[in-house]
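Visitor: Hi! I'd like a quick tour of this one, please.
Guide: Happy to, here it is.

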Amino acid sequence: MQTNLSEAAKALPRGEEAERILRSCVHCGFCTATCPTYQLLGDELDGPRGRIYLIKQVLEGAPASTQLHLDRCLSCRNCETTCPSGVNYHDLLDIGRPVVERQVPRPLGERLLRQGLRAVVPHPVLFKALTRTGQALRPLLPGVLKAKLPARIAAPGQRPAPHHARRVLLLEGCVQPALSPNTNAAAARVLDRLGISVEPVAAAGCCGAVDYHLNAQEHGLARARRNIDAWWPAIEAGAQAIVQTASGCGAFVRDYGHLLANDPRYAAKAARVSALARDLVEVLQAEPVERLGLCAEQRLAFHCPCTLQHALKLGGAVEQLLSRLGFTLTPVPDSRLCCGSAGTYSLTQPALSRRLRDDRLTALESGNPQLIATANIGCQAHLDSAGRTPVRHWIEIVDAALTDT
């Protein structure tokens, strides 16, 4: 694609990168066939090709007239998996969105919602306190808020103390400790059975994705730097990996090296952290999990989060691991499609998000599973909010099967 970026766009910290991405797009349109919002709305501007053109216009100096079509993008990256030209669409979106944000004032309600999300979601202690308050007041809450709270929160259970020579770090996450506290505890127990200890790093916090994807990018990168500082002593002491049980967090941590490549103080450390970042399935698939001797009797449907399959390129990995462990997996039509969670998307675009959720649940339930498994807390909470087939993180299901043996 021919480009003629404005001088202001060329002066952006990632201006050259934006120009490379734009020039790599040949506007073939293959991406529209797999874009969830284009499939729902049928509008070219609500597909990747249309959004790329909108960003191109803005970077070439045309005034931005709307944020609507960029806001509607789920950042699911399905288009990147489909694209024959290797267009890094999500990077272009990250560059273009803040430019539009500066040009187009948001209505007060949108500003308050986004500021509220940034004030609450990345803070685990505050988020947990509000969640517990919501649980206590559940009968009094309006339906939209009640649906966001899980009907049942499993107790985390005991975590093994670190005692193995092989040690990994574990990103605890923001909302997962409140909404599904047993997930990380289950991961620690399963890893312990395989001779791997989880070393706690209390100073590590939110990965930064919430701020970054709500166009507060410097705040997101500041969180990334704080995590790097928190992990660095353990990395120097020989920690083998930084494990994430939420694929959304994992995708962002894996991108630290790219996002901080021009930071002279953090570039090398960020690259090291990205190289050590592992989704939990990457750790377990290399281990002799068959020796665990699970009592795996359930029929499961696996929802593969977009961040797992399109960002981390681990589509099929959890399914293969669960099959090795003896679980029966039901077929899931159109398994590449998004459930509509997409971080805070279910709150900023609730109508579209619910339509995508209900379509995904219909596909997941088509094989009559007893449980739906997933690999990301956002997807888990969003799918479970429909009150249909129970949804749990796959490692909790594995841990429960171990407990039953």
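Visitor: Let's start with the rings. How many aromatic pairs does the count come to?
Guide: The count comes to two aromatic pairs. The rule takes rings of Phe, Tyr and Trp (its six-membered ring) and pairs them if their centres lie within 6.5 Å; planes under 30 degrees apart are stacked, over 60 edge-to-face and the rest tilted. One is Tyr212 with Phe252: the ring centres are 5.4 Å apart and the planes are at 55°, so this pair is tilted.

Visitor: Before we go on, what kind of model is this?
Guide: It is a predicted model, where local features need pLDDT of at least 70 and side-chain atom pairs count only at pLDDT 80 or more, while totals for chains, interfaces and linings use all residues. Residues are numbered from 1 along each chain as its sequence is written, and side-chain values use heavy atoms, with hydrogens and water left out.

Visitor: Good. Where do Tyr212 and Phe252 sit in the chain?
Guide: Tyr212 is in helix α13 (residues 209-213) and Phe252 in helix α15 (residues 247-254), so to speak distant parts of the chain, 40 residues apart. Helices here are DSSP runs (H or I, at least four residues) and strands are E runs of at least two, numbered from the N terminus.

Visitor: Switching to helix packing: how do α4 and α7 cross?
Guide: The axes of α4 (residues 48-59) and α7 (residues 89-103) come within 10 Å and cross at roughly 50°. The axes are lines fitted to C-alpha atoms, for helices over the stretch in contact, and angles run from 0 to 180 degrees between N-to-C directions. That makes α4 oblique to α7; under 35 degrees would be roughly parallel, over 145 roughly antiparallel, 65 to 115 roughly perpendicular, and the rest oblique.

Visitor: Which residues of α4 and α7 make the contact?
Guide: From α4, Pro48, Arg51, Ile52, Ile55, Val58 and Leu59; from α7, Tyr89, Leu92, Leu93, Gly96, Val99, Val100 and Gln103. Contact means heavy atoms within 4.5 Å. By class, the contact has ten nonpolar, two polar and one charged residues. Nonpolar covers Ala, Val, Leu, Ile, Met, Phe, Trp, Tyr, Cys and Pro, charged covers Asp, Glu, Lys and Arg, and the others, Gly among them, are polar.

Visitor: What angle do α14 and α17 pack at?
Guide: About 70°, with the axes of α14 (residues 217-236) and α17 (residues 267-276) 11 Å apart. The two helices are therefore roughly perpendicular to each other. Ile228, Trp231, Trp232 and Ile235 in α14 meet Lys269, Ala270, Arg272, Val273 and Leu276 in α17. That contact has seven nonpolar, no polar and two charged residues.

Visitor: New topic. What is Asn78 in contact with?
Guide: Leaving aside neighbours within four places in sequence, Asn78 is in contact with Thr34, His310, Arg336 and Leu337. Asn78 is found in helix α6 (residues 78-82), and is buried at 2% relative accessible area.

Visitor: Where is His310?
Guide: His310 is in helix α19 (residues 306-311) and counts as buried at 2% relative accessibility. His310 and Arg336 are 26 residues apart in sequence and 8.4 Å apart in space, C-alpha to C-alpha.

Visitor: Which residues have a positive phi without being glycine?
Guide: Among them is His27, with phi of about 55°. His27 lies in the loop between α2 (15-24) and α3 (36-41) and is partly exposed at 29%. Asn368 also has a positive phi, near 55°. Asn368 is in the loop between α22 (350-364) and β7 (371-374), and is exposed at 60%.

Key. Buried means under 20% relative accessible area, exposed over 50%, partly exposed in between (1.4 Å probe, protein chains only).
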